[in-house]
Amino acid sequence: ITGVVVLLIGGKQVLSGNSDFTFGNFIAFILAVFSMLYPLKILTKAYANIRKALVSIERVSEILNRKESIIESKSQLRKSNFHDKIELQEVCFQYDEEKEILKDISFDISKGEKVAIVGSSGSGKTTLVNLLPRMYDVKSGKILIDGTSVKEINLKDLRNLFGIVTQESILFTDSIKNNIGYGTLKPVSQKEIEDAARIAFADEFIDNLPEQYDHFLHPKASNLSGGQKQRLCIARAIVGNPPILIFDEATSSLDTEAERKVQKAIEQATKNRTVIVIAHRLSTVLSSDKIIVLDQGKIVGIGHHEELLKSCERYKTLYEMQFMDK
């Protein structure tokens, strides 16, 4: 449009008998205008990018300048292993002042136990396990590991005790090797990465990839299936050899075939470890040493499957809802 306007006005001036604007002047003017268009376009685009960057800087600065809600004690204790049990004593928690999420939670998890936490959506299951590695601090009560409050344990040491697999498979746009290696702060060898993948049965598909462990993942690992992504997450969770594993509905979003493979990986990964499993599907936790039933932030039952069917009305209802067709 700019070029058309310049041609019309300039042509009129050249053709006018009363004008001192010659054809040579007109050509020089056109060349000058068109030579300025591209730099102006670049400047405009750069300005737009700068405005976008300023918005991003504000958002990043908000995170960087946020005060830490988890405050470490001055006399932190170093801890590299788990020896006896985890104890929760009258634990209460709330995200804000309006609603209490967990109320008077008390139970023990002994070393080597497989403990399942079940309940309807919104009952506080994920919030409860997030309190163990101090993603949040309890509002009242205590959480002890081997008799020591989690608030007194060095935060990095505490979190190194846990390997966590969530419902959503969070993987980075990087190689498979690096994605597994991110599971620990310690340097890991290629053999340790391959061992973790083998335990998680991830080697079954990794070995068939063109570059195997150097294979690069697309954004959100879109070049892998849901089951493959979860098996990579399991490998990442165990690569640092943590003594406690947490599975937060790790199979709930998978189809039957993928769930079977991931469940097989979980069974292999949990050998000789303390395990905490959150599950909607009771079929995956029936063999647990202990099942904890949550309802509206409170424990309404603790025991084995058969015990709970007799003693816990809420568990019985959940069981009948899932198995009545069978």
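Helices and strands here are DSSP runs, numbered from the N terminus.

**View 1. The whole chain of the predicted model.**
Eleven helices and ten strands make up the secondary structure of the protein chain. The chain has 326 residues, and 42% of them count as buried. The protein chain exposes about 19400 Å². Carbon and sulfur atoms supply 53% of that area. Take the contacts between residues at least 6 apart in sequence: 69% of them join residues at least 24 apart.

**View 2. The largest nonpolar core.**
This core holds 43 residues. Ile176, Ile180, Ile206, Leu232, Ile234, Phe247 and Tyr315 touch the most other members. Helix α8 (residues 226–238) gives the largest share of the core, six residues.

**View 3. Leucine 232 and its contacts.**
Leucine 232 is among the core residues that touch the most other members. Residues up to four places away in sequence are not counted here. Beyond those, Leucine 232 touches Leu171, Ile176, Ile180, Ala202, Phe205, Ile206, Leu217 and Leu224.

**View 4. A nonpolar patch on the surface.**
Four side chains form this patch: Tyr95, Met135, Tyr136 and Ile164. Together they have about 360 Å² of accessible area. Methionine 135 sits in the loop between α3 (125–131) and β4 (140–145). Its relative accessible area is 38%, so Methionine 135 is partly exposed. Patch residues need over 30% relative accessible area, and Methionine 135 has 38%.

How values were computed:
Residues numbered from 1 in each chain as written. Predicted model: local features only at pLDDT ≥ 70, side-chain atom pairs only at ≥ 80, totals over all residues. Heavy atoms only, no water. Patch = residues over 30% accessible without salt bridge, like charges linked within 9 Å, V, L, I, M, F, W, Y side chains within 5 Å. Areas by Shrake-Rupley, 256 points an atom, 1.4 Å probe, with all protein chains shown as cover. Helix = DSSP H or I, 4+ residues; strand = E, 2+ residues; numbered from the N terminus. Buried < 20%, exposed > 50% of the residue type's maximum accessible area, 1.4 Å probe, protein only. Contact = heavy atoms within 4.5 Å. Core = buried A, V, L, I, M, F, W, Y, C linked by side-chain atoms within 4.5 Å.
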